[in-house]
Amino acid sequence: MWTVITEKKKGYSMHPETIRWKGKLKAMYLRHDELIKEMSSRGYSHKSYLDKRKATGKSKQDVFVDIPSKQIQILKQKGCTCKV
């Protein structure tokens, strides 16, 4: 999604998940940073770097495919034992 948005690529540019990140590249960058930390804590290596200079727009994602409470419900129905 980062490349599609920052380099104005056509592939998946109209996908709802891509559209909801337009104007929120700073939020995507920050989320990516969170994922890097999580991966590192689990022993995974990280090799997908984002250009911080392109991290513009809102710093918080406020558009959801499913609202957070619905996401928690979906996880519980799948038997997720994680803290939610």
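This is a predicted model: local features need pLDDT of at least 70, side-chain atom pairs count only at pLDDT 80 or more; totals for chains, interfaces and linings use all residues.
Residues are numbered from 1 along each chain as its sequence is written, and side-chain values use heavy atoms, with hydrogens and water left out.

Helix α3 itself covers residues 25–41, which is 17 residues, and it reaches 24 Å from its first C-alpha to its last, close to the 24 Å expected at 1.5 Å a residue, where the expected span is 1.5 Å times one less than the number of residues. Its buried residues are L25, A27, M28, Y29, H32 and I36, buried meaning under 20% relative accessible area with a 1.4 Å probe and only protein chains considered. An α-helix has 3.6 residues a turn, so residues three or four places apart point the same way. The buried residues of α3 pack against α1, residues 2–6.

Seen as a whole, the chain holds four helices and zero strands, and from the N terminus on its elements run α-α-α-α. Its C-alpha atoms fill a box of roughly 40 × 30 × 25 Å, taken along the principal axes. Of the 84 residues in the chain, 20% are buried. Among contacts (heavy atoms within 4.5 Å) with a separation of 6 or more, 53% come from residues 24 or more positions apart.

Terms used. Helices (H or I, at least four residues) and strands (E, at least two) are DSSP runs, numbered from the N terminus. Buried means under 20% relative accessible area, exposed over 50%, partly exposed in between (1.4 Å probe, protein chains only).
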